[in-house]
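Here is a friendly walk through one protein chain. Please keep the view open beside the text as you read.

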Amino acid sequence: MFLYNLTLQPPTGINQCIIGNFSGSKLQEICVSRGAGTTIEILRADQQTGKVTVVLSHHVFGLVRSLAPFRLTGGSKDYIVVGSDSGKITVLEYNPTKNILEKIHQETFGKSAVRRIVPGQYLAADPKGRAVMIAAVEKQKFVYILNRDSLARLTISSPLEAHKSFTLCYALVGVDVGFENPVFAALEVDYQESDQDPTGEAFENAEKVLTYYELDLGLNHVVRKWSEPVPASANHLIAIPGGTDGPSGVLVCSEGFITWYHQGFPAKRVTIPRRPPRRETGVEEDDAGKPRLIAASVVHRMRSSFFILAQTEDGDVFKVQVDYPPGAGGDIQGITAIRLKYFDTVPVATGLVLLKTGFLFVAAEFGNHVLYQIENLGDDDTEQTEYTSLDFPDPEEAEPDEISPVFFRPRALRNLVPVDEADSLAPLTDCKLMNLLPGEDTPQLYVTSGRGARASFRTLRHGIEVQEMAVSELPGNPNAVWTVKVDSRAEFDSYIIVSFTNATLVLSIGETVEEVTDTGFIGTSPTLAVTQLGDDALIQVYPQGIRHIRADRRVNEWKTPGGRHIVKAACNSRQVAIALSSGEIVYFELDAGGHLNEYGERREMPSGVSCLAVGEVEEGRVRSKFLAVGCLDQTIRVLALDPDNCLQPVSMQAVNAIPESLLIAATAENTAATNSSSTLYLHAGLQNGILLRTVLDPVTGQLSDTRMRFLGAKGVRLFAVKVQGQSAVLGLSSRPWLGYTWNDRARMVPLTYEMLEWGSSFSSEQCPEGIVAISANTLRILTVEKLGNTFNQHIVPLRYTPRKFMLHEPSNKFVVIESEHRALALDVLRKEAEEDMETEDGAENNEVEYPLPPEQFGVPKEDAGKWASAVRVIDPMKGETTSLVYLEENEAAFSVSSVTFYNDPTETYVCVGTARDVTLSPRTCSSGFIRMYKLDVDGKLQLMHVTPVDDVPHAMCPFQGRLLVGVGRILRIYDLGKKKLLRKCENKQIPTCIINLHTQGDRIVIGDLQESTFYASYRRQDNRIIVFADDTTNRYTTCTTMVDYDTVVGGDKFGNFWVARLPSDVSQDLDDDPTGNKLVFEKGFLQGAAYKLQRVCEYFVGDTLTSITKTALVPGGREILVYTSMLGSIGIFVPFQSKEDVDFFQNLEFHLRNELPPICGRDHLAYRGSFIPAKGVIDGDLCEQFSLLPWEKRTQIAEELDRTVPEVMKKLEDIRVRGAF
């Protein structure tokens, strides 16, 4: 068994975020690493609209642990320094011309993989661009000196060691000391005494210190320059501008305090304000009043000052300013005060980035990433108190415990305005694939994602989101629409021309769209084609002739010969071609004097003409060289338009249906042997819904390398449009599609919009890039913004972190269970309100709400062991919640399933597994329950009864008219009872904890938390569950699914994917045994079950898998495995169907490992086998990097594979399109 792995959507969570001028221009870009560091992206925020677009996305095939921007002194371009799991430091440069990341330097310093003593976890650059330090969690630190050579190229030195044994590092920054020797600051703990003290006293007294490391540029070595004890809770460092720009030093952020330290100066400290306690009876009664840590920060320099935005773990952002006296001669001597003031509350971030244009990018830890516009710096906010270090004693004068806390009250956004959001599914907890929406031919992905009050239930549909700008009703049902400019130099379109069956409507584009009648267009006849001709003329083709409208409104008209009319037309800025009802092709061309001249001869086609296409005139040329003709005999013919052989056939292609539409367009991609920047394609839409894309040779006109794609049940109409500055193809069938180039790869993606009949590009002052289209009797103006997205999303907000969900099939509604640890439950809040306000008992939960909106401020926190939980019913058709039941008394939901009992086949019940007073470590609970609900016709949950159990029920599923439940490590079968579920059978052989269950016939597949999977069988005659097979490898299982009767696939929390199979002979013997004695009396093997599963496939995905589903993603496509991961990635495993394909892709993968090694230096084979050597899986993401190679390399690899380059590209496209999209 061999599988082909492809990523449909890369991880959406961000773990590193930096800013710089990476393209060398004045524009600032944001560089992020996604997921666990598997992808590096360059983002850019538009200065006018504030929209964040992805400029570049590059797969690392490794784990990025740290990122830092670096700019040489006097330079204008930032480099990207990467610390990864490769054991190497990598310096990357962004090349905006080629839109690629280029590896400038790569220096090896240690072993690969994420290790405690191998540097890569921390990275800091000298603010003046002279050196970088890379550090490990323990012991090792290296400093690299960066400079430029005589050719202005970046150079890197040999590493300088700054190691210290028995030392743990918590944070690292580069200290701004002007042009003195570079200094780096680290938070460290020496654990040597703790390691040797068995009593634990030394551990309790271990001291955390702030250490300065100085790089002596003269002696070329690193010394520990200065060390100062800091609070034990210190976790974050912020470097302060130095030299002539500020006082230098660092801010050490600890629990409840921000303290400034610098060598030779006294420390200054300011407290971090806390949210007020929930109740006025005492600070320590709830978690709200406890001191907070700083989670993220950003320093923003202005012309003569600077300020810092620091965010706490609650999401509250504080503006920090430092007062310092100007010294003599420009030297700054210490600081006088630290001022701190509440700014706003935003989602908790893994990184904050502040652009010079006034945008704040928040890379959210959970949920969507947000771009804010700073409307106000908060200096005039009189409602919030400004706290200063002058109000608090210095660190030498008082201990932190001796300082009274200060409180602030958060408020709605005042200084920040959200302008854009980037979708993020992290953390993605569960996923189901099914087609529930009417009129859809592909299944939707229903996922639960997010954490706390920012959690959501999302419906993911394959396609790009479309924004509807305007919809206008028309007096009838139109059949075509065009836009034209009156002058070729005009920036925006001037007219919209709408054709009806017996009339033509002309609309003028301005501040409003109005009908005009003095344009020269004939309005009493339908229109076949419209375009802007020459510099300032217009052309209208209608069934009886052609109107050439000059700028001065003079009209030249060409009439059809008697008894004939025009059936099809194609035109560009200098050429017009028409097809007459007699089957003749008539060709016109614009001469130097602006006259439209007919070519002397006409070409009679062997059958009727169904469509025509002529390409755009390239810059510097006077004509397009070819005319494409679609004929009723199911052929496409290419005719030459050169004066020497005008209308002579040069090539022909037979197709399997009548062509509906043709389009000749150049696509910007580097695939030609000449390394040209674009390739000329002939797109053909057929009446059977198939789109063909064929390479059209720009010299000979020959057709080659045909690709095929099914778009829908209707004939395909094609139109050329502009999207984000690039040429694109709009294909209209039973749903609209958009073809464009993304990361040097052609993509054809559906638009999430209703069926359209005709389209054209649209440009106006209000909408610079859009599409005008018709649907029924309406005219619509649309824009497409989020290119590169595979899915668009519909979001239903949730209250708590979703755990699992399932579909209630009779009602087609989803039941979602939500549980939040360390969160305040509503029933606790209600009880407190009753006690404080002396209200009557019996108030409903719904009457009580949290004091601050949880959507912005989160659910109030509680101590460990406290839970808030709810069961929610969602209607996916309407996208709304129909029922919401809150669980009380510290009860939390952990599993859910629907079941139809044998005793009551008319009703499908919802069973929810809950537990009370759950602690995570060690795993304990006071009691567990199985709550059984009935879902009524209105989508409301009705509690039937509650069954107590003795542990947490983490898994349940229906089984032969009963309910199969994993209660802790015990597997039980329950049947329906009147007052509770009745226990019928149980098995206690599972070692740790059952987390998922699958059944087929009498066979049960059990997923264990730490011990992989077990196969069991239910013997009805003995009413026994017997475990007969297990895995030989211990795995921390997160998800499993059955592929067939003998095969199971799964994922673990370390990011491994595996396929395990019960040997077919063993399976057959067990099923053929009528007595079942083979199961009962077989001896165990290797301290486990009697039989062992065979390992078929092993593969490292790079992220914790949360779901695996066996399904078909495309209509008529093969069944594949679709997986989702914790940090938001969605991928597939496609099974190979022939040995020939396996050999081809194995060889291609081998060549790409050698010719295109991962950019951060990780060995690809070692990466995909990080925990267990890779087996039986081919990396499709690596294979698709083939298009990034230079043409010479591609040709060389193709020859090794006995293929041509187009054949290799077609193979890659076919396996993706046939398995997914």
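This is a predicted model: local features need pLDDT of at least 70, side-chain atom pairs count only at pLDDT 80 or more; totals for chains, interfaces and linings use all residues.

Residues are numbered from 1 along each chain as its sequence is written, and side-chain values use heavy atoms, with hydrogens and water left out.

The domains below come from an automatic or database domain assignment.

| Domain | Residues |
|---|---|
| domain 1 | 65-229 |
| domain 2 | 232-277 + 288-417 |
| domain 3 | 428-463 + 799-834 + 870-978 |
| domain 4 | 989-1109 + 1120-1125 |
| domain 5 | 1136-1219 |

Between the C-alpha centres of domain 2 and domain 3 there are 42 Å.

Now to helix α10, residues 1191-1200. Helices (H or I, at least four residues) and strands (E, at least two) are DSSP runs, numbered from the N terminus. Trp-1191, Arg-1194, Ile-1197 and Ala-1198 of α10 are buried (under 20% relative accessible area, with a 1.4 Å probe and protein chains only). They share one side of α10 because their arc around the axis is only 130 degrees, taken from the directions from the helix axis to the C-beta atoms. Glu-1199 and Glu-1200, on the other side, are exposed (over 50%). The buried residues of α10 pack against α7 (1139-1155) and α11 (1205-1219), where contact means heavy atoms within 4.5 Å. After α10 comes Asp-1202, with a positive phi near 60 degrees.

Finally, the sheet: four strands, ordered β81-β82-β83-β85, form an open antiparallel sheet. Two strands pair if DSSP finds at least two bridges between them. At the edges, β81 (1037-1042) and β85 (1094-1100) each pair on one side only. Strands β82 (1047-1052) and β83 (1056-1061) are joined by five antiparallel bridges, and Gly-1051 has Phe-1057 in β83 as its bridge partner.
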